[in-house]
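Subject: Structure handover

Hi,

Here is the structure I promised to pass on. Please have a look, then read my notes below.

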Amino acid sequence: MNTQPVLFDARGATTTMVLEDIETAVAVVKRAPAAEGVRAYVAMVANDDRLFASMLKYDVKCAEVGGCVIRVFRHRQDAEEWLDIIAAERSP
């Protein structure tokens with residue numbers, strides 16, 4: 001079980017992903033809770049419009065299947081602040 005928050009910083013990256021690629025990745029997420037338990041919170045950062053849109057589709061589709069909480073951001077600082085809020089809420 002991975003419960004450590006994850007920051008995926010893809011600033012400067014681009015993509016050629018299509019919907020089928022996103023659905024393949026979501027299928028992995030859908031199977032993971034059965035094998036690994038609940039997954040960590042993930043903040044993804046992208047400043048490329050196409051990659052940002054692909055990550056948003058991934059976020060929405062992952063929310064539909066459950067098992068993880070993902071949020072997509074344009075700015076790293078926003079992602080870090082979100083993860084800090086999540087960590088504060090989860091601490092005893």
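Two strands pair if DSSP finds at least two bridges between them. Helices (H or I, at least four residues) and strands (E, at least two) are DSSP runs, numbered from the N terminus. This is a predicted model: local features need pLDDT of at least 70, side-chain atom pairs count only at pLDDT 80 or more, and totals for chains, interfaces and linings use all residues. Residues are numbered from 1 along each chain as its sequence is written, and side-chain values use heavy atoms, with hydrogens and water left out.

Three strands form an open sheet in the order 1-2-3, with parallel pairing. Strand 1 and strand 3 are the edges, each pairing on one side only. Direction ignored, neighbouring strands are turned by 15 degrees against each other on average. Strand 2 and strand 3 are joined by five bridges. Tyr41 stands opposite Val69 in strand 3.

Axes are lines fitted to C-alpha atoms, for helices over the stretch in contact (heavy atoms within 4.5 Å). Angles run from 0 to 180 degrees between N-to-C directions.

Next, the cores. A nonpolar core is a set of buried Ala, Val, Leu, Ile, Met, Phe, Trp, Tyr and Cys residues joined through side-chain atoms within 4.5 Å. Buried means under 20% relative accessible area, exposed over 50%, partly exposed in between (1.4 Å probe, protein chains only). The largest core has 15 residues; Met44, Met55, Tyr58, Cys62 and Ile70 have the most contacts inside it. Helix 1, strand 2 (41-45), helix 2 and strand 3 (69-73) each give two or more residues to this core. Helix 2 gives the most, with five. Another core, of seven residues, lies apart from it; Ala43, Val45, Phe73 and Leu83 are among its members.

Finally, Thr15. Thr15 sits in the loop between strand 1 (6-9) and helix 1 (19-36). Thr15 counts as buried because its relative accessibility is 15%. A polar atom of its side chain lies 2.9 Å from the backbone nitrogen of Met17. Leaving out residues up to four places away in sequence, Thr15 touches Arg50, Leu51 and Ser54. Ser54 lies in helix 2 (residues 49-65). Ser54 is buried too, at 6% relative accessibility.

Best wishes

Conventions
A polar contact is a pair of N or O atoms within 3.5 Å; within protein, one must be able to donate a hydrogen and the other to accept it, and residues adjacent in sequence count only if both atoms are side-chain atoms.
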